[in-house]
Amino acid sequence: VSDLLSRVLTKAVGSVVLVVGMVIVVTVLDWRVGVGMAVYVVFAVVLVLLLRHRAVAESADELGAYARLYGGIEERLNASEDLRSNGAGSHAMWRFVEDSAGALDRSVRRESAFLGMWWGVQAAVVGGVALAVLAGAVLVDRGAITVGTAFLLFQYVLLIERPLEELVHELETVQKATGAMRRVLALLAVEPTILDHGTTTPPDGPPTIEFAAVTFDYGDDEPVLHDVDVLIGAGRSVGIVGRTGSGKTTFSRLVLRLVEATRGEVRLGGVPIAEIPLAELRRRVALVPQEVELFAGTIRENVTLFDPAPTDADVEHALRSVGLGALADGGIDRPLGASGAGLSAGEAQLLAMARVWLRDPDLVVLDEATARVDPVTERRIEAAMHELMRGRTTLVIAHRLSTLGGVDDIVVFDHGRIAEFGERDVLAHDPHSRFGRLLGLALEPDAEVDAIDAIDAAVGEAAPSEPESLLA
């Protein structure tokens, strides 16, 4: 598009001025020749205009094929360790070959379409030269013009040929630019599903969360949530459990307004979530995801997400509050590598909590915050979680039931519906409740710690010369 605007259009303007000037000069010399040349120029321009879209669709397809090729390369580079360690390297290479072949095929199609247009315009140019020679010979033979005028006419036709050839050569850029603009316009035509028309602010403090007959699907008419009705009190911490695919994460995304309910209404603090301004909602609601995204930058920049407003003292306080005092002591201006290189998975989770602590929201969603860490780090994260829960409405999504030891209520999802909702202590001591049965099946956290301590003690007491004791 840049080439089209900076180079092609300027050449086109120059060519138009040249051709119009030559037609005027020839008309002054002989009006009949001038009319003939004007007709020829109009014919050539109409031919070019008719063929200008000849390769646009092919150009758009070619750009799409290269987008898939480069996207696949990036995906497989990021997953190179998994691919190599699991013996899928050859599969990845064949996928690259297939994507490359697809891009080559689209390029050949686009070039073939362009060459068809190019040969059509070239035929018009050659035909114009032949007509100029024939018309000049006939007019000289009849004495209508002199040989010098006929030669001048021939030279002018050759001069017209040059801008036409340049125009044809630049048409490839025009085709690519048009194809690119089609893709850009198609992207701009995508309507956002989350519209910011809200004007109502919920009351200050931790909000209530209310779902009123909420149903949601991702556009495939297969509901992920079915008629969900629930009211979570202000300042309550709620553990959300259920099988994979039961709707837990979708429930939290609706609370964060990352998606809109297909039917029904979500309310925060008694206000329909669609009526809350997005800036206000983002200020008062925060997420700690399972997959924490860290960026190439300093520790401070990763905590503040590049917001210069917080002071260094605020950032250090947030780090210490979630148990990352060592990072604060080492200097918050210490740079991290791409994707947070230099931090462990547990430290990354704690840093994500520091982001939330710094923002001080009223509602926090913790999505599997301890899923990827060892038991010792899990204890650190749980301690930070309990600090974050104080004075806030909190949703804790977890498969590890030990993570839910300090929550007030439990919501159990089953196939997109709320199968159980109540106080944790009541459900935990009810052997007939779903949550009670889950606790019965799970290994209690204290038992797990006791087992680890017993193993450590046995290993420590066993002498190197007593392999049977160690084995036992």
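## Rings that cluster

Rings of Phe, Tyr and Trp (its six-membered ring) form a pair if their centres lie within 6.5 Å; planes under 30 degrees apart are called stacked, those over 60 edge-to-face, and the rest tilted. By that rule, Phe-211, Phe-251 and Phe-413 form one aromatic cluster.

Some housekeeping before we go on: this is a predicted model, in which local features need pLDDT of at least 70 and side-chain atom pairs count only at pLDDT 80 or more, while totals for chains, interfaces and linings use all residues. Residues are numbered from 1 along each chain as its sequence is written, and side-chain values use heavy atoms, with hydrogens and water left out.

## The chain as a whole

The secondary structure comes to 17 helices and 12 strands; helices (H or I, at least four residues) and strands (E, at least two) are DSSP runs, numbered from the N terminus. Of the 472 residues of the chain, 39% count as buried. Here buried means under 20% relative accessible area, exposed means over 50%, and partly exposed is in between (1.4 Å probe, protein chains only).

The accessible surface of the chain is about 25600 Å², and 60% of that belongs to carbon and sulfur atoms; the areas come from the Shrake-Rupley method with a 1.4 Å probe, and for residues only the protein chains shown count as cover. Take the contacts (heavy atoms within 4.5 Å) between residues at least 6 apart in sequence: 71% of them join residues at least 24 apart.

## Two nonpolar cores

A nonpolar core is a set of buried Ala, Val, Leu, Ile, Met, Phe, Trp, Tyr and Cys residues joined through side-chain atoms within 4.5 Å. The largest one has 42 residues, and Leu-319, Met-353, Leu-366, Leu-404, Ile-410 and Phe-435 are those with the most contacts inside it. Helix H12 (residues 345-359) gives the largest share of this core, 8 residues. Apart from it lies another core, of 30 residues, among them Val-214, Val-238, Ile-240 and Leu-268.

What does Phe-435 contact, leaving aside its neighbours within four places in sequence? Its partners are Leu-401, Leu-404, Ile-410, Val-412, Glu-420, Arg-424, Leu-427 and Ala-428.

## Helix H12 and Trp-357

H12 is mostly covered, with 11 of its 15 residues buried. Those buried are Gly-346, Ala-348, Gln-349, Leu-350, Leu-351, Ala-352, Met-353, Ala-354, Arg-355, Val-356 and Trp-357. From its first C-alpha to its last, H12 reaches 22 Å, close to the 21 Å expected at 1.5 Å a residue; the expected span is 1.5 Å times one less than the number of residues. After H12 comes Asp-360, whose phi is positive, near 55°.

Trp-357 lies in this helix. Over its ring sits the charged end of Arg-392, 5.9 Å from the centre; a charge counts as over a ring if NZ of Lys or CZ of Arg is within 6 Å of the ring centre and within 35 degrees of the ring normal. Beyond four places in sequence, Trp-357 is in contact with His-317, Ala-318, Ser-321, Glu-387 and Leu-388. Trp-357 and Ser-321 are 36 residues apart in sequence, with 7.8 Å between their C-alpha atoms.

## Aromatic pairs

How many aromatic pairs are there by the ring rule? The count comes to 5. The rings of Tyr-66 and Tyr-70 have centres 5.9 Å apart and planes at 35°, so this pair is tilted. Both residues lie in helix H3 (residues 56-78), 4 residues apart, about one turn of the helix. Tyr-66, at 29% relative accessibility, counts as partly exposed, whereas Tyr-70, at 52%, counts as exposed.

Phe-295 and Phe-306 form an edge-to-face pair, 6.0 Å centre to centre with 65° between the planes. Phe-295 sits in the loop between strand E6 (285-288) and strand E7 (297-298), and Phe-306 in the loop between helix H9 (299-304) and helix H10 (312-321), 11 residues apart. Phe-295 is partly exposed at 34% relative accessibility, and Phe-306 is partly exposed at 46%.

## More on helix H3

The 23 residues of H3 should span 33 Å at 1.5 Å a residue, and its end C-alpha atoms are 33 Å apart, which agrees. Its buried residues are Val-56, Ser-59, Ala-60, Glu-62, Gly-64, Ala-65, Leu-69, Gly-72 and Arg-76.
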